[in-house]
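Welcome, and please take a moment to look over the model below. The notes after it walk from the overall fold to a few residues worth a look in your viewer.

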Amino acid sequence: MTTRASKVFAIHRFIAFATGATMLFFAEEATTGFSTGSNPATFHDTVVCRSCSASILCLSLLVHTAIRFSPAEKDTIARCMLVSFLAVAAVFARLSDTGPLSEADRIALVSSTAAFAGLAMAYAWACWDPRIVRNMESPAPSALSPAFGFHNAVGFASGSLSLLYPAGFYELPQKYLSLSMDASPTTNELVLVSMWGGFILNFSLVAGRAPRFSLRSQRIFAQIMVIQFIGLTLLYAFYW
């Protein structure tokens with residue numbers, strides 16, 4: 001059945017793919033253009049930008065494959081998208097209202113806020129579908145259930161931290177693991193970490209609901225997460 005979520009997924013997959021591909025292949029330009037334009041991109045900026053791009057590309061793959069999920073499963077994914085995009089839009093709106101910011105910085109943050117708010121509005125419309133029956137019967141526990149539970153816990157904690165307090169992404173390892181950094185994170189980098197946190201949070205929310213999916217849908221979601229983590233591992237190995 002074609003639902004409102006199906007229609008939003010069909011459009012969002014192309015937007016997410018184009019955004020992720022741009023951030024992957026044109027990281028320096030994307031970092032300067034999408035976050036705070038007055039600061040030039042650094043090495044760390046481009047690494048975080050490409051890390052975020054891996055999650056966005058996997059998000060585009062998720063919404064592409066989710067078009068063929070059951071109506072209740074599509075509704076669940078749409079609700080997770082709505083929560084995460086509302087959170088990112090709220091954080092970016094707060095950042096754009098804090099100072100001092102250059103005009104370029106403020107324009108970039110306001111534009112990003114508008115983009116995420118637009119996505120949130122689209123998913124709010126998708127979730128308000130009167131034809132959807134939201135009572136999903138839980139299938140028998142699968143071998144993926146423990147992995148989903150672990151992903152939900154770790155992803156929710158790390159995603160919330162990155163989104164709401166991106167500096168903690170660097171401060172906590174320095175404090176508790178005695179790790180040192182060559183330089184403090186730039187404003188660009190912190191904004192990108194905050195954005196990336198929103199996508200991490202989104203995947204964790206889906207993982208928390210995935211055990212209620214059919215076994216086929218569980219496997220598809222798990223495969224997409226494997227692709228994401230392999231991609232991130234190869235990215236960091238390349239920069240090593």
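In numbers, that is 9 helices and 0 strands. Do keep in mind that this is a predicted model.

Let us begin with the whole chain. The protein has 240 residues, and 45% of them count as buried. Its exposed surface comes to about 12,000 Å², with carbon and sulfur atoms supplying 68% of that area.

## The salt bridge

How many salt bridges does the structure hold? The count is 1. The partners are aspartate 75 and arginine 79, whose side chains meet at 3.0 Å, taken from N to O. That distance qualifies because a salt bridge calls for a side-chain nitrogen of Lys or Arg within 4 Å of a carboxyl oxygen of Asp or Glu. As a general point, side chains of opposite charge can pair when their charged atoms come close.

Where do aspartate 75 and arginine 79 lie? Both belong to helix α4, which covers residues 71–96. They are 4 residues apart, or about one turn of the helix.

Are the two partners buried or exposed? Aspartate 75 is buried, because its relative accessible area is 5%, whereas arginine 79 is partly exposed, with a value of 37%.

## Two further residues

Another aspartate to pick out is aspartate 105, found in helix α5 (residues 103–127). It counts as buried because its relative accessible area, 7%, falls under the 20% limit. Aspartate 105 and threonine 187 are 82 residues apart along the chain, and their C-alpha atoms are separated by 9.8 Å.

Turning to the surface, you will find a nonpolar patch formed by Val226, Ile230 and Leu234. Together these residues have about 290 Å² of accessible area. Valine 226 sits in helix α9, which spans residues 215–239. Valine 226 is partly exposed, with a relative accessible area of 45%.

Here are the accessibility values for the residues discussed above.

| Residue | Relative accessible area | Class |
|---|---|---|
| Aspartate 75 | 5% | Aspartate 75: buried |
| Arginine 79 | 37% | Arginine 79: partly exposed |
| Aspartate 105 | 7% | Aspartate 105: buried |
| Valine 226 | 45% | Valine 226: partly exposed |

Technical notes:
Residues numbered from 1 in each chain as written. Predicted model: local features only at pLDDT ≥ 70, side-chain atom pairs only at ≥ 80, totals over all residues. Heavy atoms only, no water. Helix = DSSP H or I, 4+ residues; strand = E, 2+ residues; numbered from the N terminus. Buried < 20%, exposed > 50% of the residue type's maximum accessible area, 1.4 Å probe, protein only. Areas by Shrake-Rupley, 256 points an atom, 1.4 Å probe, with all protein chains shown as cover. Patch = residues over 30% accessible without salt bridge, like charges linked within 9 Å, V, L, I, M, F, W, Y side chains within 5 Å.
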